[in-house]
Amino acid sequence: MKSLNKKVSKAVSALAVAIALVGCDSGGGGSNAALALAGLGSSYQATVVMGGKLRIAAASTVFPSVGYVTNKPAFVKLTGSTLTSGGTDFTVGSSTASDAADFNITFKTNSATGKLHGEVFAISDAYYTSTVVPVGAKCSAGSACDSETVYTELVGSFDMNYAVDTSDPTNTAQLTFSNLTGDLSPSTVAGVSSTLYVDLANVITTVAGVYSNPNATVGEALCDSIGTPTIKQGTISGTQIWGKYTLLRGTVVVNNNATITIPKGAVIYGERGSSLFFNGANLVTQGTAAEPVCFTSAQARGSRFPGDWGGIVFIGNGNGTRTSGTTEGTTPLTYPGSNPSNLTLRYTIVEFAGNEVAPGDELNSLSQYQVNSATYRFVQAHRGLDDSFEWWGGGLSPSTFDGAYLIGSGAMDDDFDMDEGFSGTLKYLISVKYPAACGGSVSTDPHGFEMDGVHASSGFAGCAPGANSTHDCSNPTVSNYTAVGFNFANSFGERHREGLQGSFSQGILWNFSRNIVCDSTSGFPAVNSSISNVHSDNSKTDCMNSAACGATATGTAPTCAASLLDLSALPVTDLGSVQDGNFCGHGTKPDFTTSASVASGATGGAPVGGTTDSIVGSVTEKWWSGWAVWRAH
């Protein structure tokens with residue numbers, strides 16, 4: 001967070017402020033939560049997502065060669081007095097399969113129980129034989145068949161009773177069907193016609209104001225746990241080992257080269273207005289995949305939002321382009337410090353951080369000021385109000401700042417922000433944006449990666465590699481990364497500017513407003529990033545100014561032009577419910593395995609098979625699975 005075009009205020013939504021509760025309680029459904037919600041005057045609203053197969057066994061003149069029955073595309077429509085929105089979906093027929101494709105119907109209701117009526121419509125044979133859909137053609141998603149107006153034949157109906165169960169939101173028994181023309185099992189009788197079958201595969205329900213997180217990961221269960229904490233406040237000048245539960249109150253400063261060790265499975269809650277500074281001090285977290293360490297909000301679970309508390313700030317005495325600067329925060333400190341900060345983080349989650357201390361001045365989830373010595377392994381910054389990770393200098397080449405298997409998820413601004421001479425090594429990175437419907441307010445330029453060689457007021461605008469061993473421009477080495485945006489306005493997969501000299505390889509960028517932008521800023525050295533094997537969204541502009549990107553290592557071509565525009569579909573296996581504005585990660589979890597949609601022969605992205613890390617040893621391909629958190633509040 002550096003430029004003046006950042007938003008003036010990243011205020012948390014009014015709803016979040018209204019229901020946020022000071023301190024820890026047992027979570028959604030408690031008396032305090034009910035009291036807070038009662039003041040809003042909100043009515044009951046449940047969201048139901050149902051999935052399965054809708055089968056219509058009906059004779060067709062178009063696909064006569066498909067076994068004992070043939071199928072057409074269908075359109076299902078739910079109606080009822082308790083239905084407030086949603087309740088429709090298309091299925092897709094096939095010329096090579098004996099049933100219609102999956103359906104996925106979302107509806108909202110103002111009652112916990114009720115009955116909805118369903119009607120199922122098919123496309124007429126006459127429509128198939130028209131020039132719109134030639135005989136034998138497959139009706140695929142996005143085709144002329146995805147229009148309600150062409151479904152003119154009522155081929156079936158049913159009644160559906162629902163009873164929302166917040167204690168078991170994935171229980172399929174919440175939905176029961178009656179008055180079908182057939183039963184719930186597919187018929188094996190040849191020649192059956194005009195028979196409707198519903199095969200229900202899954203259900204997920206949520207209720208506004210009630211905390212629900214089905215399929216919780218190990219990390220989510222840990223971060224949502226409640227314990228009796230030890231309070232930490234003021235200044236800490238001696239080495240400590242913290243216990244299972246800790247509460248941060250106000251600005252907590254660790255200094256004097258002290259070391260704080262946090263054992264596996266520990267939870268640290270941040271009160272409103274709190275933050276944790278390591279000023280020439282050290283942090284060791286001992287999390288594991290089975291028992292990570294979690295820094296989270298002290299607000300009630302389900303009422304946690306970006307900016308609830310301040311986050312973690314590290315101040316070292318390493319390299320940087322600024323000889324004297326001031327950190328962000330309610331009690332800002334100067335940097336560089338007089339002592340180094342040495343950081344060893346393992347399986348560590350920092351969530352709901354980044355409180356705004358002044359208009360346009362927000363802390364980040366993890367802020368590193370001129371920190372040279374660090375090893376991060378499996379660290380996630382989740383749902384921060386500003387950046388997920390930001391570096392001001394540090395990691396002097398050859399790098400002693402070594403970060404791998406890092407996740408920036410749901411941040412309101414950038415996920416990986418490198419500035420003022422940062423030269424560390426970062427690899428195996430995931431950046432994923434959440435929709436605005438999940439809470440919080442995004443910045444004016446929420447990038448995946450934002451990187452500057454030098455800062456305007458640093459006094460080293462003429463920095464260049466090797467010109468000064470203490471004040472080189474930023475020269476990070478970044479590899480194997482996946483960044484998935486939400487197409488927010490002015491959001492870039494990567495922004496290179498102000499003399500950046502870094503190396504970027506094996507990357508995947510998807511669904512930002514622009515893929516890679518290299519700014520030629522007056523008064524600064526030219527950007528000279530090396531960008532190779534970075535695959536990106538072919539529907540977006542690759543470079544705003546490719547000439548400003550400098551040359552490749554051989555000096556033969558602008559490097560932005562070398563990044564590939566070859567992705568036409570989501571480049572990961574599944575985003576789960578992360579970008580579903582109804583569920584916001586409370587439900588199915590993402591799988592960031594690079595998908596087959598990535599161009600043939602392309603490599604890269606965050607997972608690259610099973611890897612062997614020099615520090616933690618063998619790592620599975622789905623290294624984020626199980627321990628990371630994805631629910632939005």
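1. Let's start with a term you will need: a disulfide is a pair of cysteine sulfur atoms within 2.5 Å. Please keep in mind as you read that this is a predicted model. The structure holds two disulfides, and the one between C438 and C584 has an S to S distance of 2.1 Å. About its S-S bond the angle is -95 degrees, making the link of C438 and C584 left-handed. These cysteines come from distant parts of the chain, 146 residues apart. You will find C438 in the loop between β29 (425-432) and β30 (449-452), and C584 in the loop between β37 (572-574) and β38 (591-594). Both C438 and C584 are buried.

2. Now look at the other link, where C223 is joined to C294, again with S to S 2.1 Å. Which hand does the link of C223 and C294 have? With 120 degrees about the S-S bond, it is right-handed. C223 belongs to helix α4 (residues 218-223) and C294 to strand β17 (residues 293-297), distant parts of the chain that lie 71 residues apart. Both C223 and C294 are buried.

3. Strand β28 (residues 416-419) runs parallel to β30 and is joined to it by three bridges. Strand β32 (residues 492-497) also pairs with β30 in the parallel sense, over four bridges. E450 is a handy landmark here: D417 stands opposite E450, and E450 stands opposite R495 in β32.

4. On to charged side chains. Side chains of opposite charge can pair when their charged atoms come close. How many salt bridges does a search of the whole structure find? There are 16. One of them brings together the side chains of D224 and R631, at 3.0 Å from N to O. D224 sits in the loop between α4 and β10 (230-236) and R631 in the segment after β40 (617-619), so this pair ties together parts 407 residues apart in sequence. Both D224 and R631 are buried. They also take part in a network of salt bridges that links D224, R304, E351 and R631.

5. Another salt bridge is formed by E420 and R322, whose closest N and O atoms are 3.0 Å apart. E420 is in the loop between β28 and β29, and R322 is in the loop between β18 (312-315) and β19 (325-326), so the pair connects parts that are 98 residues apart in sequence. E420 counts as buried because its relative accessible area is 1%, and buried means under 20%. R322, at 14%, is buried too.

6. Finally, compare the salt bridge of E291 with K264, where the closest N and O atoms are 3.7 Å apart. E291 lies in the loop between β16 (282-285) and β17, and K264 in the loop between β13 (259-262) and β14 (267-270), 27 residues apart. Why does K264 count as partly exposed? K264 does so because its relative accessibility is 46%. E291 is partly exposed as well, with a relative accessible area of 35%.

Technical notes: Residues numbered from 1 in each chain as written. Predicted model: local features only at pLDDT ≥ 70, side-chain atom pairs only at ≥ 80, totals over all residues. Heavy atoms only, no water. Helix = DSSP H or I, 4+ residues; strand = E, 2+ residues; numbered from the N terminus. Buried < 20%, exposed > 50% of the residue type's maximum accessible area, 1.4 Å probe, protein only. Pairing = 2+ DSSP bridges. Salt bridge = Lys/Arg side-chain N within 4 Å of Asp/Glu carboxyl O.
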